[in-house]
Amino acid sequence: MSLVEKLKHLKLVRSVIYTVVGVVTYPGLAIINKISISGTEHIKNLPKKNVLFVSNHQTYFADVIMFIHIFCAVKWRKENRLGLPYYLLFPITNLYFVAAEETMKGSWISRLFILAGALTVKRTWRAEGQEVRRGLDPSDTRKIKQALETSWVITFPQGTTKPFAPGRKGTAYIIKNNQPIVVPVVINGFWRAFTKKGLSFKKKGSLLSVRFKEPMVIDYSQPVDEILNQVMDAIEQSKKFMLKGKHHQTSVVCNQS
């Protein structure tokens, strides 16, 4: 195991990083922009391990940083709000998040987040226009399994910030094989407020919404495809939700006029 791998499993290291990142990012999340949080009553009594949060994805880092803030606030018994960030004095540490390996090599922010608990996986990628790899390999699933045995894990089933992109079967395999408590999360506004690859502002004063839903009721004996469909419905990224989007409603009005 490399030094980086050893360090990111130390709670003290993650605690320091979460505190520093939290202090730096709090103004951009809670002061320069607006926050709407709902459903934290669904997570305050969860066990400390084998919990998988599945969410749609809009930026590489701002989404995860917001989750860290919320989880720390819930630890301090705050409900559906952040308030003053004194919760960063003793942040949550039993937390990992799944991230594409190629994404985490790009900047100092990404390298820092590797130490913060990133579980890097080799997602689908292309070489010379050809898709040469698909899904998660056994070493990737072992990383996530080991993390679930001691902690909470955040994953983004679509593996991309593109809205309504299809989900990756790897998430469904993880759910089927490890049988975690699965909490769906629906986020919005991050794509409008921040650049995709960093924490630079695109539009100040944006509304950042994070909605936690009740833990899913899953029949783990179902086929992987059925579990994935259930997850995509829960995070409101399936085809039926795409058809409810504003662009679809606009086209319907235009066709009727």
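Residues are numbered from 1 along each chain as its sequence is written, and side-chain values use heavy atoms, with hydrogens and water left out. Because the model is predicted, local features need pLDDT of at least 70 and side-chain atom pairs count only at pLDDT 80 or more, while totals for chains, interfaces and linings use all residues.

**Overall make-up**

The protein chain holds 10 helices and nine strands; these are DSSP runs numbered from the N terminus, with helices being H or I of at least four residues and strands being E of at least two. Of its 257 residues, 46% are buried, where buried means under 20% relative accessible area, exposed over 50% and partly exposed in between (1.4 Å probe, protein chains only). The accessible surface is about 13,400 Å², and carbon and sulfur atoms hold 57% of that area; the areas come from the Shrake-Rupley method with a 1.4 Å probe, and for residues only the protein chains shown count as cover. Among contacts with a separation of 6 or more, 70% join residues 24 or more positions apart, a contact being heavy atoms within 4.5 Å.

**Nonpolar cores**

In soluble globular proteins, nonpolar side chains tend to be buried together. A nonpolar core here is a set of buried Ala, Val, Leu, Ile, Met, Phe, Trp, Tyr and Cys residues joined through side-chain atoms within 4.5 Å. The largest one has 47 residues, and F53, F67, F71, F113, V210 and F212 have the most contacts inside it. Helix 3 provides the largest share of this core, 11 residues. A second, separate core has 23 residues, including I144, V182, I218 and I235.

Beyond four places in sequence, V210 has contacts that include S36, I37, M66, F67, V185 and F190.

**The second largest cavity**

The whole structure contains two cavities of 30 Å³ or more. A cavity is a set of points, on a 1 Å grid over the protein atoms alone, where a 1.4 Å probe fits but cannot get out, and lining residues have an atom within 4 Å of a point. Grid points are joined across faces, edges and corners, and a volume is the space filled by probe spheres set on the points.

The second largest cavity has a volume of about 40 Å³. Its lining consists of I17, Y18, V21, G22, T25, I65, I68, H69, F113 and A116. The lining has seven nonpolar, three polar and no charged residues; Ala, Val, Leu, Ile, Met, Phe, Trp, Tyr, Cys and Pro count as nonpolar, Asp, Glu, Lys and Arg as charged, and the others, Gly among them, as polar.

| Residue | Relative accessibility |
|---|---|
| L95 | 1% |
| T161 | 15% |
| F190 | 0% |

L95 lies in strand 3 (residues 95–100). Its contacts beyond four places in sequence include Y18, I68 and A116. L95 and A147 are 52 residues apart in sequence, with 8.2 Å between their C-alpha atoms.

T161 sits in the loop between strand 7 (152–155) and helix 6 (169–178).

F190 belongs to helix 7 (residues 190–193). F190 touches Q58, T59, A62, D63, M66, L208, S209 and V210, leaving out residues up to four places away. The C-alpha atoms of F190 and K202 are 9.6 Å apart, at 12 residues along the chain.

Methods. 1 Å grid on protein atoms, 1.4 Å probe; cavity = no way out; pocket = protein on both sides within 12 Å on 5 of 7 lines; lining within 4 Å.
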